Amino acid sequence: MLKIDSLHAEVDGVEVLQGIDLEIDAGEVHAIMGPNGSGKSTLAHILAGREGYEVTHGSISFRGRDLLDMSPDERANNGVFLAFQYPVEIPGVTGMTFLKEAYNARRAHAGEGEVDAMQFLKLVRARARELGMNDDILKRAVNVGFSGGEKKRNEVLQMAVLEPALAVLDETDSGLDIDALKVVSDSVNRLRTPERAMLVITHYQRLLNHISPDRVHVLANGKIRRSGGRELALELEANGYAAYTERAA
Amino acid sequence: MMPDDAAPLPPFLDLIDQASSAGDRLAGLRANARMRYLASGWPHARTESWKYTSLNPLAAGQFASTGHGDTPVLPARPTIDGPRLVLVNGVVRPDLSDLGDLGPGVRATRLANGSDPDVRALASIIEETDSTDGLPLAALSTATMLDVLVIDIAAGTVVERPLHVISAACGEGAALAPRIVIRAGADSVATVMESHIADGPGFANAVCQVTLGQGAMLGHYRVQDQPDTSFHVGLTEVRAGARSQYDNFVLSTGSRLARNEIRGRIEGSGAEYRINGAYLGAGTQHLDTTTFIDHAAPGSTSREVYKGVLTDRARGVFQGKILVRSVAQKTDGYQMNRAMLLSGRAEVDSKPELEIYADDVRCSHGATVGELDPEQVFYLQARGISHETARRLLVAAYVDEVLDEIRSEPVRQAMGQVARNWLGRVIGMPGEGRS
C-alpha cells in the first residue's frame, strides 16, 4: 500500500531524512521508534504533505500513485490520515462542522453525494459508540480547551469516521496518562482491519504494549538503522537508543 | 478682506447652498452649522484624528445634495423582522416606512416638517455634537441635513421587535446627511438597527445621536454596506445615563472610504457600555473605526472589541481612545482590536490611547495583527478539506467570534448573513449558515 523508496528530505538546508526505505502492506501495523530529533515526525509530516520540507531525492508511492505529487487534502481524500502529535485548536469551528466538511469532501472526491447534518450525526454517533465514546466532544470548537486525552481521542474519532486506508499516528502516546493511553490505544486496536495499514510513530515502547506492531523500525539520524519484530521494541526499552545514535555519529 | 494666511475654504460649500434652499424648520440649525464648519475647516494631513485616513479622495469628488426624489428601488439590504423607518437621501419617507406600526410607547417623528413641540431640546442635542473640536464633518452634516428622524422610546417601554432604520442613497453622486436622534427613556428596552445602503457612488455623511435615560437598555446596530465606489462618514454620539446598558455593533463592509466613529459619554454610575464591530475590506477599500469613550462617572464598565479582515490592498484604521476622568473611580474598561490580513499588501493601523485621571480603575487594551494560521489551514487540509474551503471556514469563524458580541439574536443573524455574503464574494465560496 505504501512504498517509501530512498527518501531524502531537507529542512532549511539541513538533511533530516537520509534515505528512508519502508514498505507497508494492507492490514499491517508498523512502528517507527527513535530518539528525539531522529526524523520521526518529519516523516509523518512529509506523508501528510505539510509545507516546509524539501524532498531532495526518492519517492513515495501510495496505492500505486505518487503521493508527493498530491496536495494535503488530495492525500487525505485518497485515504491518508495523520493523527497529529499536537492537534491544532480551531476556535469558532465545532468538531461536527469540521468533520462533516471533511467527510463530505471525501465523498465528493469519491463521486458520492454529500450527506446532510442528520445523516452525518447518525453516522458519527454509531462510530463513537463502537469506540465506547460519545460525540459530545464534537459539539465543542475543535480541540479548544481540550485535555491531552480529549485531543487524542478526538483524533481517533476522526479517523473512525473518515476510515482511511493508511493511518499515521504521530506520537499518539505523548501527553497521555496511563488511563487515557489505554482508552486511545483500545480505540486504535478496534480500527485495525485487514484493509487498513497503520504507521505508529513513538519514542517510547509503552504504546506498543497496547498496540502490538507487526514490524518495528529504529529511526536514528534520518535513517532506519534496524528493523525487526515486536521484540525489538522491548530490546530498545531495556537498552535505549544510545547504540544507534553513537553508531551514526 | 481675508488675511493672507487664512485656511482655504473647505469643500462642499455648494452642498450647503443646495440644502439651504430647502427653507424648512432646520434652516437655522444649518446656518449655525455652516459657520462652525467654516471655522473648523477641512481636516488636513496634520489633523491628529485624521492622521491615518486621508479625506483627499472625498474632497475631490463631485456630489449633489438631491434630497427628495422619485420612489427609489432600494438596493439589497439585510432583512430583519420589525418595523422599517426609511430615509432616502437623508429625508424620512413616510410612504416607505411603518410609522404607524411601532407599538405603544414608541414614536418616530420627522423634524423637517413634523410638529414635534420639543424642537429646542432637539436643537441642543444636534448642536452639541459638532461643536466639539475636530468634527468638521459632523458640522458639514448638520449644515446639509434635510431632515431628522427622531425616535422616542417612552420610559418603561419594552419594545419587542427591532426597529430597522434604512438609510438609502439613491442616484449617482448623491450627497446625503441622514440624521437620527434616538431618545431611550428611563428603564426602556429597545433595539434599533441601521442599514446604510446605496445604489451607486455617493457621499453619505451620517450622524446618529443617542441619549439613554437611567436604566435604559438599547441595542444599537449598524450595517454599512454601500457599494465600494461610495464614501461614508458616520458619527454616532451616545450619552449614557446611570445603570443604562448600551450594546452597539458596527459591521462595515462597504464604501471605498468609510469612517465609523462612535463617541460615548458615560454620565452615570453602573452603566454598561459595549461597542463592538467588524470591518471587512477588499480591493482598495479604506475602512476606519474611531472610538472615544468618556468615563465621566464612577463605577461604570466599557468594553470594545473590533475585528478586521482585510485582503487585496485594503486598509484598516482603528483609533480607540478611553478617557477616565478623575471622578470616574472604579471604572472597568477593556479595548481590543484584532486584524487578520489575508494578503501581503493589506495593512492596518491601530492606535489605542488611554487617558486616565482616576487612580482606582481597571483599564486594559490590546491590538493584534495576524494572518491565517498555516497550522490551522494544514490541519483542515490534512482531513481532506480544500485550501479554499479551509480559508473560508477559518475566516468565517474569526468573524463569527466577534459577531457573538451582539446581544440581539435577530440582528446577529442578519449581520451574519451580510458577513457571509462578503466572504462569499471575497473568498469565492457560496455563503452558508452556521451549523
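## Domains of chain B

A domain, as the word is used here, is a stretch of chain whose bounds come from an automatic or database domain assignment. The model is predicted, and in it chain B is assigned domain 1 (1–248), domain 2 (268–371) and domain 3 (373–435).

Let's start with a pair of these domains. The C-alpha centres of domain 1 of chain B and domain 2 of chain B are 23 Å apart. Where they touch, 14 residues of domain 1 of chain B are in contact with 16 residues of domain 2 of chain B. On the domain 1 side, strand 12 (residues 245–252) of chain B gives the largest share, 4 residues. Sorted by class, that side of domain 1 of chain B has 4 nonpolar, 7 polar and 3 charged residues.

## A look at chain A

Now turn to the partner chain. Chain A has 9 helices and 12 strands. Its radius of gyration is 18 Å, close to the 18 Å that the globule rule gives for 249 residues, so chain A is as compact as a globular protein of that length. Along its principal axes, the C-alpha trace of chain A spans about 55 × 40 × 35 Å.

What percentage of the 249 residues of chain A count as buried? The figure is 44%. Among contacts in chain A with a separation of 6 or more, 70% are between residues 24 or more positions apart.

## Where the two chains meet

The contact between the chains takes 22 residues from chain A and 18 residues from chain B. On the side of chain B that touches chain A, the elements giving two or more residues are helix 6 (374–381) and helix 7 (387–403) of chain B. Helix 7 of chain B provides the largest share of that side, 7 residues. By class, this side of chain B divides into 7 nonpolar, 7 polar and 4 charged residues.

Is H387(B) buried, exposed or partly exposed? H387(B) has 14 other C-beta atoms within 10 Å, so it is partly exposed; a buried residue would need 20 or more, and an exposed one 12 or fewer.

Leaving aside neighbours within four places in sequence, H387(B) is in contact with D73(A), V377(B) and Q381(B). For a sense of distance, compare H387(B) with D14(B): they are 373 residues apart in sequence and 51 Å apart in space, C-alpha to C-alpha.

Conventions:
Residues are numbered from 1 along each chain as its sequence is written. Chains are lettered from A and ligands numbered from 1 in the order in which they are written. This is a predicted model: local features need pLDDT of at least 70, side-chain atom pairs count only at pLDDT 80 or more; totals for chains, interfaces and linings use all residues. The radius of gyration is taken over C-alpha atoms; the globule rule is 2.2 Å times the number of residues to the power 0.38. Two residues are in contact if their C-beta atoms, placed from the backbone, lie within 7 Å. Ala, Val, Leu, Ile, Met, Phe, Trp, Tyr, Cys and Pro count as nonpolar, Asp, Glu, Lys and Arg as charged, and the others, Gly among them, as polar.
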